[in-house]
Amino acid sequence: MDPQNSPYGHQSYGQSYGQSYGQTEPVYAPEPQPQPRLDAGKLWAGGLMTAVIAALTAVVALLLVRGVLDVPVFAPEGDGLMGNATTGALAGGAAVAALVATALLNLLIVATPRPERFFAWIIGLVTAVMVLLPFTTGLTWQAKLGTAGVYLVIGIAIGSLLSSVARGAVRRY
């Protein structure tokens, strides 16, 4: 068939844009993508500050739940607003949880693609477990809700702060 009379225009089958059948255009390698580089000092400094804030968040949440809402969580009613040693243990536990989350984040940044997604899922699921945990006990409904609220606020603080820390600690070159 004459290319001029082809129903597909001026080009015959096997020819495209002036090239004969079998010839290909040169293939260029894609440009290398910038590799993320972790600034571990910034990550761990942010993790340490997150631990401090998580501990303070625990104390403030307990003051709110015990003092303002008058719900006896983590201590018997007679222990007062600041409670007993469990207040310190909860604050210390929140700080340790933030440091463990920082170590997890460090591992995810170094070893996985899209570490922020994995981190968000892990923190979200751990927070959900901690929030649901009081509902498996024989506490009163007020104490269950108060305890769940304290855990939720601590989980949100750790997750949101460390997500921001990670964005600042990873550089793309």
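**Entry 1**

I looked up R114 and noted that, at 47% relative accessibility, R114 counts as partly exposed (buried means under 20% relative accessible area, exposed over 50%, and partly exposed in between, with a 1.4 Å probe and protein chains only). The model is predicted, so I note that local features need pLDDT of at least 70, that side-chain atom pairs count only at pLDDT 80 or more, and that totals for chains, interfaces and linings use all residues. Residues are numbered from 1 along each chain as its sequence is written, and side-chain values use heavy atoms, with hydrogens and water left out.

I placed R114 in the loop between helix 2 and helix 3 (115-132); helices (H or I, at least four residues) and strands (E, at least two) are DSSP runs, numbered from the N terminus. R114 is not a glycine, yet its phi is positive, about 50 degrees. Most residues other than glycine have a negative phi.

I found a positive phi of about 55 degrees at D70 too, again not a glycine. D70 sits in the loop between helix 1 and helix 2. Is D70 buried or exposed? At 56% relative accessibility, D70 counts as exposed.

**Entry 2: the chain as a whole**

I recorded four helices and two strands in the protein chain. Read from the N terminus, the order of elements is β-α-α-α-α-β. Of the 173 residues in the chain, 30% are buried. I also checked contacts (heavy atoms within 4.5 Å): among those in the chain with a separation of 6 or more, 63% are between residues 24 or more positions apart. The accessible surface of the chain is about 11400 Å², and 67% of this surface belongs to carbon and sulfur atoms; accessible areas come from the Shrake-Rupley method with a 1.4 Å probe, and for residues only the protein chains shown count as cover.

**Entry 3: helix 1**

I compared the length of helix 1 with expectation: at 1.5 Å a residue, its 29 residues should span 42 Å, and the end C-alpha atoms are 40 Å apart, which agrees. The expected span is 1.5 Å times one less than the number of residues.

I then turned to T50, which is found in helix 1. At 2% relative accessibility, T50 counts as buried. Leaving aside residues up to four places away in sequence, T50 touches A98, I158, L161, L162 and V165.

**Entry 4: the nonpolar core**

How many residues has the largest nonpolar core? I found 33, and those with the most contacts inside the core are L105, F119, V150, I158 and L162. Such a core is a set of buried Ala, Val, Leu, Ile, Met, Phe, Trp, Tyr and Cys residues joined through side-chain atoms within 4.5 Å. Helix 1, helix 2, helix 3 and helix 4 (141-169) each supply at least two residues of this core, and helix 4 gives the most, with ten.

I listed the neighbours of F119, again not counting residues up to four places away in sequence: A101, L104, L105, L108, G159, L162 and S163.

**Entry 5: the nonpolar surface patch**

I located a nonpolar surface patch of about 540 Å², made by W44, L48, M49, V52, L56 and L99. Patches are made of residues with over 30% relative accessible area and no salt bridge; like charges are joined within 9 Å, and nonpolar side chains (Val, Leu, Ile, Met, Phe, Trp, Tyr) within 5 Å. A salt bridge is a side-chain nitrogen of Lys or Arg within 4 Å of a carboxyl oxygen of Asp or Glu.

Helix 1 (residues 40-68) contributes the most to the patch, with five residues. L99 lies in helix 2 (residues 85-111) and, at 33% relative accessibility, counts as partly exposed.
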